[in-house]
Amino acid sequence: MKYFKLLNKKSNTFFAFLVLLGLMDSVWVTTLIAFIDTKITGNPLPISIVEEYDAAFYVFAMILSFIVSRYFQSHMVKLTCNFGTDLALSIFDKLRFTNYNEFQELGQDRVRTLMSDVGTIQRFPTTFIEVFKAGVMTLIGVSYMFYTHLFAALILSSVILVLTFIFYFRNLSIENDIEKLRDLQNTNEKHTNNFLRGFKEIKTSITRSGNIFQYISDIKNSIKLLNIKVLSKYIINELLASHAVYMVIGVILFLLPMIMNIQTSVITSFIMIIFFLTGPLTILVSEIEEFTRMNTAYKRIDEFNRIINSSESTNIGYGDLTNINESFENLEFENLIYEYFDKKKNSTFVLGPINLKISKGECIFITGGNGSGKSTFINLLTGLYVPISGNIHLNGTKINAENYPYYRDQIASVFTDTYLFDENYNGFEINPINIELNDLVNEMKISNILKIDEDKQVFNLTLSKGQQKRLALIYALMEKKDIIVLDEWAAEQDPKFRSYFYNVLIQKIKESGKTLIAVTHDDEYFNCAERLIEFKYGKVYKDLTISELKEVEV
C-alpha cells in the first residue's frame, strides 16, 4: 500500500509485528465467539480435549486475548506517535535543504496545511490495523457461515457484497467533495494569515476591513456547506450500515426458510455470526471516512515529496563543507543569469548577464528603482537563488551544487523583511558579562532598550522595526563572517541614527576587515562607500568607484 512509503524501515518492521499481533488478537476474539456459539446451539466442538475442559479453555482464551490486546494497543500508541513525529520531522528536514525559490513556490500557507495533513496521516497505523482486524474477523465469521451451511452462506455473502459495492461507489463522490474541501481550507488559511499579519492595515481602512471579512465569511460559509454535505453523506452511509444488519437478519429469518430446508440451529448460528460481525462491519464502514481523508492528505504529502525530492539541493543536503581557503579574498560573478515568471505582471523577468568582482574589505552600495533587479541580485549574492546559467567563484573556487551550502554560510545577512527569532538558535552568549555583546549594543545605541532573558539567553523583541534591524545587525556581526549584506537596512532608522550608521558604523565595520554590501536609496550618503553599483531593467547600469561617480556628477 502507498502509505507504507511514508514509514521508515524501522517503523515498517515494527508495523509488521503489530499486524501479526492484531491477527492473533482477532483469532482469539473470534475463537471465543465461536466457542460461545457452539455452547448456545449445542453443536460439538471440533477438538474433543477442548470439549472435556471447556470452562478452563474459555478462561484461558479470555486471559490470553486480554494480554495480546493490551500489549497490542500499548504498542500501537507508540507506533502512531513515532510515525507522526517522524513524518513531520522529515518534512522540515527536506524544507531546510530546499532552495529558497522552491520554498517560495510552495508558500507558507501550503506548508502549514501540510502539517494538518501529517496529523491526518498519523492515524494511518491505528486505522489500518483496526480495519485489518475487522477484516480478519469478518473473514473468519463468513468462513464459519460457509462451514455451517454452504448454500445459505452464498446467499448472505451475495447480499453483503452488493451492500459493499453501494458503500464503495457512494464513497467515491465523498472523496471528490473532500478534495474540494481541502482546497477551500488552503484558501481559508491564506485569508486568515492575511488578517493576522495585516491587522494594523485592516484597522486603518474600513474598506479593507469590510472586504477581508467578506472574503473570510464567504470561504467559511463555503467550507460549512461542503462539510454539511460530506457529513450528511457519511451519516447516510452509517445508517445504511446499521440497517443493513437488519436486512441481512431479515434474509436469514424469512427468505432462507422460504427457499430451502434449513434447521433452527443453523438460523441461530447465522444470527449469532451476524451480530458478531456487526462490530467489525461497523468499523469497516466508519473507517471509510478516515481512509478517504487520509487519501486526500496523502496526495498532498506525496505531491510535496515529489517537488522537494526532485530538488538537487535536497538530495545533496549540506554538501561539501570543505573550506574554500580560510578567509575571504574575492567573489566573482561570471555571466550570471537568473529568470523567473512574474505572475502579477504576467511576464518573465530576466536578471543578467552579471559580471562583477568583489574584493576583500570593499564597501559597496547597491541601488536602483523598483523592479530593477537589485533584490533578485541580493538573493543570488547570498545564495538563496541559484542562477540558471553562469558561474560564481569564491576565492577562485567555482561554486557548484555540492558547495552551495558552504557558500551561503559565509555571508551574514540582514534582509529588508528580516525576522528575529525568539529563541537563541545561533548559540550566542547573550548575557550581561559578554563584553563584545555589550560593546555592540552600545554602538547601536539601544542599551537602555534591550532586556536580556538570562535563562533563555535571548533579548526581548518588543522593539520598533528600526530597533529590530539594529539587533539583527548585532547578531550578524556576532556571526564572525567576512561578508555582511544589508538590504535597505537604514530605511527604518531615524535621521540622526541613519547619519551615525553611514558615517560611523560603516567605517567601523570596514576597519574590522569585513566586506560590506548594502542596498540603499540614500544618495546623500553614497560618498560613504567605495563603490556604487546601480541596476536598471535587470542589468548593471553603473559600476563606479565613488571618485568616478563624483567626476560624472561634475
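**Starting with one valine**

Reader: Where is Val 266 found?
Author: Val 266 sits in helix 10, which covers residues 264–309. Keep in mind that this is a predicted model.

Reader: Is Val 266 buried or exposed?
Author: Val 266 is buried. Its relative accessible area is 8%, and the cut-off for buried is under 20%.

Reader: What does Val 266 touch?
Author: Thr 148 and His 149, leaving out residues up to four places away in sequence.

Reader: And how far is Val 266 from Ile 252?
Author: Their C-alpha atoms are separated by 9.6 Å. Along the chain, the two residues are 14 apart.

Reader: Let's zoom out. How many helices and strands are there in the protein?
Author: The protein has 17 helices and 12 strands. It has 554 residues, and 46% of them are buried.

Reader: What about the surface?
Author: The accessible surface of the protein is about 29500 Å². Carbon and sulfur atoms account for 58% of that.

Reader: Which residues have the most contacts inside the largest nonpolar core?
Author: Phe 365, Ile 474, Leu 486 and Phe 501. That core has 42 residues.

Reader: Which elements give two or more residues to this core?
Author: The helices are helix 14 (435–443), helix 15 (465–478) and helix 16 (495–511). The strands are strand 3 (363–368), strand 6 (411–414), strand 9 (483–487) and strand 10 (515–519). Helix 15 gives the most, with 8 residues.

Reader: Now helix 14. Which residues are buried there?
Author: Leu 437, Leu 440 and Val 441 are buried in helix 14. They are on the same side of the helix, because they cover an arc of only 100 degrees around the axis.

Reader: What covers the buried residues of helix 14?
Author: The cover includes strand 8 (458–459) and helix 15.

Reader: And what happens at the ends of helix 14?
Author: At the start, a side-chain oxygen of Asn 434 comes within 3.2 Å of the backbone nitrogen of Glu 436. Just after the helix, Lys 445 has a positive phi of about 60 degrees.

Reader: New topic. Where is Lys 481 found, and is it buried or exposed?
Author: Lys 481 is in the loop between helix 15 and strand 9. Lys 481 is buried, with a relative accessible area of 14%.

Reader: What is Lys 481 in contact with?
Author: Setting aside neighbours within four places in sequence, the list is Asp 409, Gln 410, Ile 411, Ala 412 and Lys 514. A polar atom of the Lys 481 side chain lies 2.9 Å from the backbone oxygen of Asp 409.

Reader: Last one. Where is confidence lowest, and where is it highest?
Author: Confidence is lowest in helix 11 (residues 312–316), at a mean pLDDT of 54. Strand 10 is highest, at 93. The protein averages 79, and 84% of the residues score at least 70. Where pLDDT is low, the predicted coordinates should not be read in detail.

Methods:
Residues numbered from 1 in each chain as written. Predicted model: local features only at pLDDT ≥ 70, side-chain atom pairs only at ≥ 80, totals over all residues. Heavy atoms only, no water. Helix = DSSP H or I, 4+ residues; strand = E, 2+ residues; numbered from the N terminus. Buried < 20%, exposed > 50% of the residue type's maximum accessible area, 1.4 Å probe, protein only. Areas by Shrake-Rupley, 256 points an atom, 1.4 Å probe, with all protein chains shown as cover. Core = buried A, V, L, I, M, F, W, Y, C linked by side-chain atoms within 4.5 Å. Arc of directions from axis to C-beta. Contact = heavy atoms within 4.5 Å. Polar contact = N/O pair within 3.5 Å; in protein donor to acceptor, adjacent residues only side chain to side chain. pLDDT = per-residue confidence, 0-100.
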